[in-house]
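Thanks for coming. I have a few local features to go through, so please look at the screen.

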Amino acid sequence: MVFKKHSRFALVLLSSLALVACDFSSTSSETSSSSSSSSSKESSTSLVESSSSQSSNSSSQTSEVSSESSSSLNSITSGSSISSETSSSISSSSSSSSSTSSETDLFEATAYPSENKIEIQLSNAEKVTSLDCFYSSNNKTYIKVDNELVQLDKSRIAVLGLKEGTYSVKLVPNSSEDEALIINDIKVTDLDRSGYAHFNRTEGIGAYNLDGTLKEDAEVIYVNDENKNTVELKIGSKTYKGLGNILDEADKAKTPLDIRILGSINANQFKEKEYEVLDEDKNPSEYPERFVNEWEDKYTQLEGLQSKIYGGLDNNSAKDYYENTNGITFELETKSKDTDTSINMMVLQNAQDITIEGVFSDATINQWGLNIKRSSSIEVSNLTFKDYPEDACAFDGESSDVSETTNIFFHHNTILKGKNNWDLTFEQDKHEGDGGNDIKYISNYTSAYNRFIECHKTGLIGGNDSSYSANITIHHNYYQGYKDSQRMPLARRANVHMYNNYYNGGSVNQDFRAEAYGLSENNYFENCNRPYKLDSSDTRGYIKSYQDYLVNCGNVKADVVDKRDEDISAKCFPFNGNKDKDYSNFDTDPELFYYDETNNKSDVELMLEAKDVKAYLTEHSGLNYCL
């Protein structure tokens, strides 16, 4: 069976916060899943879940925050002193419960619960030849977990989509109930859905309900590197084969769709090529050899990717070369003063209620990226993006209506540095890809609990000064920068709330232009050259900084305020410049923002003091699992 329908009673959701920090180099390895692409028939209340796994060595997700001397800190927190005392352990509803273990004569199992899921680590299971997994919320009725989520060869199991509560898991080895192992009292927590993606929304985003269970009649497919071009899904009366075709036709789907990634899904890109960098005054069409290159042959190519070449390609030999190469369709554009490429983007457009999620810690998008256009209710989570030639994951709408692409939830992903072997730009600034997480012309967007590792152009909001976006939340992200890292984010014509993020290094962190207005609240900046950047034009951007925390950083250019509701007289009209929709005080208007007027604070699930953010996100960001 290649896809499944689930009733509204089916339980599901994505993986989320980790118990312990992992080595991210292992996360980015090119490991393909050996999980079976078929599964047994399930009952109407069966559960299928996405999972990211955790180390069996960790017994609690609670993190201890180390103290720092207040004399070493350059704080811009207003109206409050900085304590050098060690803070108490952080606990919240976004933390996982302790692990629970059990064993039989055949094997041992340890369960690690977290947000809307349980992950199980097996050991000493050499004599187990088959294993079925069931879960129960009442210790009576057990529901079978999909075969794809039981990876006996890797000693790991995922039980996904569980609403908050206490569960039991039963493992039946070798089809023998007599040898069954039961783990009781597994406490599952709920996912942090704070932010604009869910603001004033009464239903869940993507394939999931607000309580973490699958939506009624949601369809689930499992994709690995072996079946990426052969996996099938019936949409309407027609069956489509391959991930590329399924995404291309997803706009025809009448029910929610959950695409679960197992292992690393790989794609070839162009071979590395060196050439003379052209003068911008020259016409690229005079150098057709510049536009001739060959594909790698490292992997079975992922079908359905879109690639474009931009340049002065009025030379017939260059055009003929690309129009007939490897069956890849190229869109050739002639721009006499520009030369560029956009390679290996998988496009999803005009769709709704779609979740694309990783299952285990090796779920990787390798050498390609996602471009989601004109779509609503979209969730992307629990994935590592690696060596993308263009963007890792981009969301685009139309300039005419930013509410068309709306309710986007991008969370618990790890975004590594991109790799473009064939940088054709005059600027030569795409060797490391062109964007980790770029958005434009969209609204009601949340980026949460992601980890960006040494990305160059990390995140763009608005491609130019006339690009509008509205209602953007960026919270609990870890930006692990290097000397050239920037755009965390770079924002134009948008209202943006940034809270509880950790910025470690980078050339420019928050960069606001063209009447973009950001509330920077309780963020931790460390070793940042320019934590804030504001242009000096008449349509300047604004950053209102409230209780941010800086350590060894450059000059502060933000509007630092002492009170949460202080007015900084910003200019912000994110809805296509419509002056009737004034967002200049969006952060204190409960009709425009999740604002608690009674207590004068942002109404979010977890708001840490800024000095505690570093320790917390070191353990709780990205695809940060060890199973």
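Is Q367 buried or exposed? The model is predicted, and in it Q367 has a relative accessible area of 1%, so this residue counts as buried, the cut-off being under 20%. Q367 sits in the loop between strand 21 (364-366) and strand 22 (369-373). Its phi is near 70°, which is positive although Q367 is not a glycine.

N522 is another non-glycine residue with a positive phi, here about 55°. The loop in question runs between strand 38 (517-521) and strand 39 (524-526). N522 is buried too, at 6% relative accessibility.

Next, N477. This residue is in the loop between strand 32 (470-475) and strand 33 (478-480), and its relative accessible area is 0%, so N477 is buried. What do the polar atoms of its side chain approach? One lies 3.0 Å from the backbone oxygen of S447, and a polar atom of the N477 side chain is also 3.5 Å from the backbone nitrogen of Y449. Beyond four places in sequence, the contacts of N477 include A448, N450, F452, N500 and L617.

The peptide bond between M488 and P489 is cis, with omega about 0°.

Last, the cores. The largest nonpolar core has 63 residues, and V380 is among the members that touch the most others, as are I259 and W368.

Key
Residues numbered from 1 in each chain as written. Predicted model: local features only at pLDDT ≥ 70, side-chain atom pairs only at ≥ 80, totals over all residues. Heavy atoms only, no water. Helix = DSSP H or I, 4+ residues; strand = E, 2+ residues; numbered from the N terminus. Buried < 20%, exposed > 50% of the residue type's maximum accessible area, 1.4 Å probe, protein only. Polar contact = N/O pair within 3.5 Å; in protein donor to acceptor, adjacent residues only side chain to side chain. Contact = heavy atoms within 4.5 Å. Core = buried A, V, L, I, M, F, W, Y, C linked by side-chain atoms within 4.5 Å.
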